[in-house]
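Thanks, everyone. I will go through the contacts between the chains, then the DNA. Please have the model open.

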Number of protein chains: 2
Amino acid sequence: MTVDENGSRVVSAAPFPPDGEPVPRERPRVPEATVARLPLYLRALNTLTETGAVVVSSEELAVAAGVNSAQVRKDLSQLGSYGIRGVGYDVTHLIREISRELGLTRPRSVAIVGIGNLGHALAGYGGFAPRGVRIGALLDADPARIGETVGGLPVRSVDELEDAIREEQITIGVIATPVGAAQATCDRLVAAGVLSILNFAPTTLVVGDDVDVRKVDLSVELQILSFHERQRSARLPVRTEVTW
Amino acid sequence: MTVDENGSRVVSAAPFPPDGEPVPRERPRVPEATVARLPLYLRALNTLTETGAVVVSSEELAVAAGVNSAQVRKDLSQLGSYGIRGVGYDVTHLIREISRELGLTRPRSVAIVGIGNLGHALAGYGGFAPRGVRIGALLDADPARIGETVGGLPVRSVDELEDAIREEQITIGVIATPVGAAQATCDRLVAAGVLSILNFAPTTLVVGDDVDVRKVDLSVELQILSFHERQRSARLPVRTEVTW
DNA sequence: TCGATTTCGTGAACGGCTTCACATGGGCGT
DNA sequence: ACGCCCATGTGAAGCCGTTCACGAAATCGA
């Protein structure tokens with residue numbers, strides 16, 4: 001299962017239930033693009049509650065998340081009609097529904113493999129716990145680092161990877177190892193039962209179709225910015241007066 | 001200028017030059033989706049040269065980058081026809097052309113603001129220099145960290161931000177500060193002349209239309225994975241036998 | 001020289017996503 | 001109780017991106 005998979009293997013649900021079924025299960029399917037924005041809405045909503053807001057309009061939420069307001073409405077309508085016309089959305093209700101849709105009601109546990117600078121940063125990042133994601137284990141191959149405590153958790157040997165995943169019921173693996181160890185680490189995580197991988201190593205991981213891989217690549221992001229800067233500078237020298 | 005801007009302001013070039021012009025300037029425009037893949041190709045090509053490969057087929061490159069081979073051909077054809085039918089692509093030539101397209105021929109300098117764990121990780125990341133991106137300055141607000149050397153570069157006070165940007169001809173700002181300082185840092189970077197921002201702080205930055213912002217958000221990635229896991233588990237309990 | 005083989009380049013079809021525009025319908029003031 | 005106002009929910013249109021399928025072109029061997 002790749003990042004952009006279009007769910008073609010999913011049993012295509014009938015557009016409508018055969019009759020006036022009282023069971024609302026089997027909603028059509030939430031588009032991938034919407035899923036990617038739900039976390040943004042969630043964060044914006046959490047910020048809003050701190051300011052005491054109790055209802056929010058699609059326009060406000062759109063500004064806070066940096067998207068179009070029609071998009072907000074369409075996204076939220078995918079989860080059901082939780083808004084009130086003429087008023088807006090109930091903030092706490094919306095937080096609950098989005099959290100449920102994202103599967104954050106039962107917290108997920110992650111293992112971070114590779115506790116270098118990046119692993120440290122991830123382990124110490126406070127933004128996980130309040131959002132339904134729990135760090136269950138830190139693993140590293142360097143004996144010098146084992147036993148060290150990072151963010152309240154001890155660093156364990158990567159030899160214990162399989163044990164840790166079982167003990168802590170880990171379902172998500174984060175790869176923060178050097179490039180050379182990334183694929184092998186990935187294979188071990190998958191063999192141990194992990195089905196979701198977040199990869200920070202600058203390499204393309206090869207996995208089975210049933211594994212979900214997402215990739216965060218710093219130099220790719222910078223190169224995309226570089227492209228846009230080049231475009232911009234190439235556009236500056238106006239050529240209208242060359243013709244005469 | 002947002003990430004997904006569709007270049008509507010760009011003068012739409014005529015599909016063909018009026019006649020057999022020798023000047024190939026004004027290609028139609030490279031799609032954003034293609035730009036996002038060019039860095040992947042570039043990395044795969046660099047790996048290939050190390051193995052001694054001199055030509056590469058679209059199929060090989062596709063496997064290395066984890067995409068479809070038709071996509072590779074379509075992407076590369078956007079930059080011009082650099083392939084040879086029946087043979088493949090010349091590796092070194094392709095590296096040159098992609099680097100040129102991405103604007104990496106004249107190296108870009110970045111400033112990293114916020115030298116915590118994440119800033120350390122970024123500063124120490126070896127993947128930048130060989131890819132046309134140079135770290136020009138490290139800045140932090142904490143007096144205790146100023147003067148420290150990270151990755152061969154001294155940490156300077158954030159008070160010197162404007163000076164550093166001028167001296168080092170920095171065009172890209174990387175925000176690795178706490179959330180609270182992100183927007184203010186962004187504003188200062190923009191005021192100092194930076195037009196591209198890579199934001200690691202979990203917040204939506206508000207900028208003018210002429211500033212290009214990209215965002216890397218760790219918890220968002222994890223929440224997307226969480227959603228897919230929930231989907232998967234909801235699909236597992238087969239319901240065919242409930243009906244009798 | 002000629003045909004077989006390989007791989008690029010690309011038109012066309014398809015599907016997904018975004019945006020617009022407006023009907024729908026709930027609240028609030030009088 | 002009634003009508004005005006406002007924000008949601010959603011068809012429709014258009015755009016962008018992906019994939020298929022095949023023609024074009026280049027090499028190689030006989």
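Start with the interface: 49 residues of chain A are in contact with 49 residues of chain B, where contact means that the C-beta atoms, placed from the backbone, lie within 7 Å. This is a predicted model, in which local features need pLDDT of at least 70 and side-chain atom pairs count only at pLDDT 80 or more, while totals for chains, interfaces and linings use all residues. Residues are numbered from 1 along each chain as its sequence is written, and chains are lettered from A and ligands numbered from 1 in the order in which they are written.

On the side of chain A that touches chain B, helix 8 of chain A gives the largest share, 14 residues. Helices (H or I, at least four residues) and strands (E, at least two) are DSSP runs, numbered from the N terminus. By class, that side of chain A has 26 nonpolar, 14 polar and nine charged residues. Ala, Val, Leu, Ile, Met, Phe, Trp, Tyr, Cys and Pro count as nonpolar, Asp, Glu, Lys and Arg as charged, and the others, Gly among them, as polar.

Last, the DNA. Around DNA strand D there are 28 residues, the closest being A:S58, A:G83, A:G86, B:P31 and B:G86; near means a C-beta atom, placed from the backbone, within 6 Å. Helix 3 of chain A supplies the largest share of that surface, five residues.

Terms used: Contact = placed C-beta atoms within 7 Å.
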